[in-house]
Amino acid sequence: MSSTFETVAGIIAETCDIPREKITPDSHAINDLGIDSLDFLDVAFAIDKAFGIKMPLEQWTQEVNEGKVSTDEYFVLGNLCANIDRLIAAKAA
Amino acid sequence: MRLEYFQMVDRIVALDLEARTVRADCVVPDASPVFEGHFPGHPLLPGVLMIETMAQTGGWLVLAVLRFQRMPFLAQVKEAKLRSFVVPGQTLQVEARLLHDGSGYAVVTGSIGCDGKKVADAEITYRVVPFPNETLRAQMLDTARRVAVPEAFLHD
């Protein structure tokens, strides 16, 4: 997870012009870092490319909208990175 | 091209879903109200319409990849370069390549060639969402047939 986090934090810093030191595993991409939906598309594209995955953003959005999970599950970076790790593992399996 | 109706693509001439590429021909009309203002005495295809032309061409590719089950809406244009003027009567060869088919978004690179020279290029991102209504989907299918998107790509 730590190397995933380093990669994701670097992507967010570069893509969204946010100082790297402000980005922690506890940061919420929207509430803490102020990343809007368009910037998040850039972040998602960079993450998909970096890890060779396709984050299921539509499914995640639906789960949030239906109240099944809170936004923390997908937008707190530590959780996001855990989800990315699961996608990487599923791809390798 | 019917500029005043935002119909930029005249004909899809190649659509390769394996290579994830599309090529389209677009003929700039000899006359259009657009040229009355852009510019008086010096008609030029507006740069924003060159970008729109690349976006629509890439959009047909995304629609075909998704078999017209979802609609791409322009969300972002990066690194747009308008390298040369385009004037009434010229024929444009427009190409796009799908860089990434993401979940709820897609990214393409697009370019426009004219008389053997690249005149514009850009990276274009779309939000890809369910069609907001059947009217739009039916209209897109009609237009797809008009611009010669192969029938096999119009359905699942």
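Begin by selecting chain B. With 156 residues, a compact globule would have a radius of gyration near 15 Å, and chain B agrees, because its value is 15 Å; the radius is taken over C-alpha atoms, and the globule rule is 2.2 Å times the number of residues to the power 0.38. This is a predicted model, in which local features need pLDDT of at least 70 and side-chain atom pairs count only at pLDDT 80 or more, while totals for chains, interfaces and linings use all residues. Residues are numbered from 1 along each chain as its sequence is written, and chains are lettered from A and ligands numbered from 1 in the order in which they are written.

Along the principal axes, the C-alpha atoms of chain B fill a box of roughly 50 × 30 × 25 Å. Colour chain B by secondary structure to see 3 helices and 6 strands, in the sequence pattern β-β-α-α-β-β-β-β-α. Helices (H or I, at least four residues) and strands (E, at least two) are DSSP runs, numbered from the N terminus.

Next, select the strands of chain B. The 6 strands form an open antiparallel sheet in the order β1-β2-β4-β5-β6-β3; two strands pair if DSSP finds at least two bridges between them. At the edges lie β1 (11–16) and β3 of chain B, each pairing on one side only. Now display β3(B) with β6 (residues 117–130) of chain B: these strands run antiparallel and are joined by 10 bridges. Within this pair, B:P72 stands opposite B:V128.

Residues are in contact if their C-beta atoms, placed from the backbone, lie within 7 Å.

Then show both chains. The contact between them takes 9 residues from chain B and 11 residues from chain A. On the chain B side, β3 (70–82) and β5 (105–114) each supply at least two residues.

Finally, select helix α2 (residues 37–51) of chain A. This helix has 15 residues and reaches 21 Å from its first C-alpha to its last, close to the 21 Å expected at 1.5 Å a residue; the expected span is 1.5 Å times one less than the number of residues. Which residues of α2(A) are buried? Among them are A:F40, A:L41, A:V43 and A:F45, where buried means that 20 or more other C-beta atoms, placed from the backbone, lie within 10 Å of the residue's own. Just after α2(A), A:G52 takes a positive phi of about 65°.

How values were computed. A residue is buried if 20 or more other C-beta atoms lie within 10 Å of its own, exposed if 12 or fewer, and partly exposed in between; C-beta atoms are placed from the backbone. Two residues are in contact if their C-beta atoms, placed from the backbone, lie within 7 Å.
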